[in-house]
Amino acid sequence: MKVVALVSGGKDSCYAMMKCIEYGHEIVALANLMPADDSVDELDSFMYQTVGHQIIASYAECMGLPLFRRRIQGSTRHQTLNYKTTPGDEVEDMFVLLNEVKRQIPSITAVSSGAIASDYQRLRVESVCSRLGLVSLAYLWKQDQSLLLHEMITNRIWAITVKVAAIGLVPSKHLGKGIAFLNTHLHKLKELYGINVCGEGGEYETLTLDCPLFGNARIVLDEFQIVLHSPGSIASVGVIHPLAFHLENKETAISLSNNDKANYSSPEKKGSVFEVQGDCPQRSEATCQSNAERNNLVEVRDDIIYISRTKKDNIFSICCWLQDSCKNSAGSHEDLAIVLKHIESQLTGYGFGWGHVLYIHLYIADMNEFAMVNETYVRFITQEKCPFGVPSRSTIELPLLQASLGKAYIEVLVASDNSKNVLHVQSISSWAPSCIGPYSQATLHKEILHMAGQLGLDPATMTLCNEGPSAELEQALENSEAVANVFNCSISTSAIVFTIYCSANTPLPERLEIQEKQDCFLKYMRLLQLEKGSKCKILYPIFLYVLVPDLPKRASVEVKPILFVPEDTETAVTSVQNPNSFTVANCWGFQHAQWHDSCIQKCVVSGKICAVILSITEDHVAKIGSESLGVNEKDVDHHNSVSKGNMERVSRFCVYLLDKGIIENGFSWEDTMNLRIYFPTNSGIQMETLSLLFKNAMNELAEMDQRVEIGKEPIFNIVPVLGSGSSAASMDNIITCELFARKF
């Protein structure tokens with residue numbers, strides 16, 4: 001991509017440019033924001049570093065690139081973390097600046113910044129980029145600061161301190177010193193006082209005078225004065241005010257490879273400086289689709305719209321699909337518009353909106369239509385509608401048409417409050433894959449971390465690993481771990497459920513490698529946590545493997561973890577429950593048998609969470625038939641295991657065993673957040689028939705047991721798949737049930 005680099009003069013923005021070049025991008029312009037008054041060194045700004053701005057104009061000549069500068073007219077008006085377009089805010093100056101750069105150089109598609117740890121700055125850069133249709137590149141984001149500082153020094157960035165404001169940093173002693181000179185001292189201060197060695201806490205600021213990017217000249221600061229802002233305090237604040245400097249031409253080119261010479265600025269290029277004028281915009285440029293346009297959708301008969309909803313009041317799931325393929329549908333995007341419209345109507349009926357949605361499962365019939373599906377998705381779900389953060393999301397292809405459904409299918413998880421904590425990083429970095437659009441990496445709500453589906457993408461390039469499915473899985477797990485770390489947890493110790501979607505394009509031997517890699521990775525990560533002295537109580541998750549036709553980017557595997565992140569680290573957790581004394585209705589004559597335990601996986605957080613995966617294989621169907629009919633198992637018709645009669649008994653058995661599983665752990669059906677029933681489309685059973693069988697089984701349970709209440713809508717949703725199971729080796733279950741219950 002062609003990149004305009006935001007430069008403050010500091011080491012971070014310079015090193016971020018070097019990382020852009022390392023990942024194959026081309027820096028074609030620089031952009032800088034400076035004070036309106038040249039005599040002012042530092043503004044009271046949460047956003048911009050301006051100390052040393054008198055020297056920044058020289059960067060154009062040093063790099064041989066055009067430099068666009070704008071005098072800051074705004075101030076800090078919108079101080080909350082998530083930025084909303086605010087007239088008069090200093091962020092709008094960045095918008096005007098980058099908008100002019102884009103106008104003059106239309107080939108620019110990305111913006112580089114040196115953000116390391118500041119969400120405040122990153123979110124504002126991302127907001128401006130989103131409005132301008134540009135990609136944010138933040139290759140220093142979430143990187144270890146000690147390692148970053150070492151890399152900057154070894155990569156020949158010569159930067160001096162131009163501001164100090166931390167205990168242990170003395171203006172008269174440390175201002176004007178190079179970062180290499182201060183390296184040891186900064187690490188000592190980190191040990192003593194916990195400072196950020198890269199200055200991310202405002203401890204110090206730097207000015208880069210030379211680096212490999214400066215192909216034409218280096219900057220020499222001849223004279224400066226030290227200005228003290230708070231002399232005599234424990235952490236005196238002092239800045240450098242430049243008085244005289246000059247450029248020293250580089251007679252010989254820096255020793256670079258031929259490829260590097262092509263990417264770094266050429267000594268023959270001469271830079272120019274442009275000052276960007278103009279007023280800041282007075283209102284948001286964001287455009288919303290009109291209600292008339294939104295409602296101009298294909299109308300569908302209510303009798304082919306299927307809605308399911310769990311009964312919990314404060315957090316519940318709604319699922320919507322079309323019971324027949326819409327003959328007039330132009331594709332997945334049109335069916336998705338219909339489904340989203342109905343979901344939106346349901347939310348409105350409960351007094352909610354998209355801002356209350358925590359998570360979205362997006363199922364489509366054809367991954368080739370993914371781009372068009374996304375266009376439809378963003379018409380309904382926008383950042384403007386979700387002021388507390390956009391939902392996390394997973395997207396997979398399902399055999400919807402084989403199940404006689406429409407081409408799109410949606411499940412949303414809704415919370416009645418706005419206490420969610422959303423992680424939404426749109427910048428491309430080396431940290432974890434970016435989410436460019438209205439879907440986030442993870443959402444934490446009431447101690448449960450709902451993580452977006454993770455592919456095996458290299459975060460820095462956003463391309464899939466090319467070393468096979470097991471390498472993709474490992475990268476996906478590393479990405480998941482990076483996201484979990486932001487919430488101070490680990491997938492190896494905090495995961496409750498792992499759903500692993502496997503593409504049908506992945507051969508069976510490689511699916512086995514996927515499971516082996518997953519087991520080894522989690523064990524290794526768990527040992528690392530123990531070595532670090534982690535005091536977190538370890539959860540041992542349950543696993544569900546689902547075989548699907550395709551995944552985004554033609555990936556082989558997608559990982560979707562759910563984690564428990566307790567507010568109280570002493571919360572007791574258990575992973576395996578042995579049957580204790582409990583009361584359950586004697587439903588349909590089923591009696592506990594030893595083989596029942598082989599059907600079920602559970603992960604329980606006492607008094608808080610009960611997650612269950614119930615797997616019914618063909619062998620289990622035979623046992624269920626013999627048990628419920630009172631006949632010998634060998635007399636049961638194994639060849640017709642998915643007949644309607646057998647499936648009726650299977651549905652009752654599933655409801656019986658799920659009921660038993662939640663009751664014995666102190667939960668009820670009203671605690672259910674979601675209940676998914678996966679079935680293979682090659683089973684021969686119709687989805688509508690299966691749905692009716694489970695609905696009847698739930699109604700029968702309610703009639704037999706007064707503690708069970710059944711509403712108008714089913715609490716479960718049926719998910720057609722190619723296969724599912726508790727291991728990647730045998731995704732051949734007749735039925736798989738996934739239940740998640742939560743107490744508040």
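This report walks through a predicted model of one protein chain, from its overall make-up to selected residues.

**Overall make-up**

The protein chain has 18 helices and 29 strands. It counts 744 residues, and 59% of them are buried. Among contacts with a separation of 6 or more, 78% join residues 24 or more positions apart.

**Salt bridges**

The structure holds 27 salt bridges.

| Pair | Distance | Accessibility, one partner | Accessibility, other partner |
|---|---|---|---|
| Glu 42 and Lys 163 | 2.5 Å | Glu 42: 26% | Lys 163: 13% |
| Asp 210 and Arg 218 | 3.2 Å | Asp 210: 15% | Arg 218: 28% |
| Arg 676 and Glu 411 | 2.8 Å | Arg 676: 3% | Glu 411: 2% |

Take Arg 676 and Glu 411, whose side chains meet in a salt bridge. Arg 676 sits in strand β26 (residues 672–680) and Glu 411 in strand β15 (residues 408–415), so the pair ties together parts that are 265 residues apart in sequence. Arg 676 is buried. Glu 411 is buried too.

Glu 42 forms a salt bridge with Lys 163. This pair also links distant parts of the chain, 121 residues apart. Glu 42 is in the loop between β2 (26–34) and α2 (53–56), while Lys 163 belongs to strand β6. Here Glu 42 is partly exposed, whereas Lys 163 is buried.

Asp 210 and Arg 218 meet in a salt bridge. They belong to a network of salt bridges that also links Glu 248 and Lys 250. Asp 210 counts as buried, because its 15% is under the 20% limit. Arg 218 counts as partly exposed.

**A buried arginine without a partner**

Which side chain of opposite charge is nearest to Arg 511? It is Glu 510, 8.2 Å away. A salt bridge needs the two atoms within 4 Å. Arg 511 is buried yet has no salt bridge. This arginine lies in helix α15 (residues 508–531). Beyond its neighbours within four places in sequence, Arg 511 is in contact with Ala 504, Thr 506, Leu 547, Ala 728 and Met 731.

**Helix α18**

Helix α18 (residues 687–704) has 18 residues. At 1.5 Å a residue, the helix should span 26 Å, and its end C-alpha atoms are 26 Å apart, which agrees. Its buried residues are Met 687, Leu 690, Ser 691, Leu 693, Phe 694, Ala 697, Met 698, Leu 701 and Ala 702. An α-helix has 3.6 residues a turn, so residues three or four places apart point the same way.

**A nonpolar patch**

Ile 167, Leu 192, Tyr 193 and Ile 234 make a nonpolar surface patch of about 430 Å². Ile 167 lies in the loop between β6 (158–164) and α7 (171–174). With 31% relative accessibility, Ile 167 counts as partly exposed.

**Positive phi angles**

Met 462 is not a glycine, yet its phi is positive, about 55°. It is found in the loop between β19 (457–458) and β20 (463–464). Is Met 462 buried or exposed? At 19% relative accessibility, Met 462 counts as buried.

Arg 554 is not a glycine either, and its phi is about 60°. Its place is the loop between β22 (542–548) and β23 (557–564). Arg 554 counts as partly exposed, at 44% relative accessibility.

Key: Residues are numbered from 1 along each chain as its sequence is written. This is a predicted model: local features need pLDDT of at least 70, side-chain atom pairs count only at pLDDT 80 or more; totals for chains, interfaces and linings use all residues. Side-chain values use heavy atoms; hydrogens and water are left out. Helices (H or I, at least four residues) and strands (E, at least two) are DSSP runs, numbered from the N terminus. Buried means under 20% relative accessible area, exposed over 50%, partly exposed in between (1.4 Å probe, protein chains only). Lys and Arg count as positive and Asp and Glu as negative; His and the chain ends are not counted. Contact means heavy atoms within 4.5 Å. Patches are made of residues with over 30% relative accessible area and no salt bridge: like charges are joined within 9 Å, nonpolar side chains (Val, Leu, Ile, Met, Phe, Trp, Tyr) within 5 Å. Accessible areas come from the Shrake-Rupley method with a 1.4 Å probe; for residues, only the protein chains shown count as cover. The expected span of a helix is 1.5 Å times one less than its number of residues.
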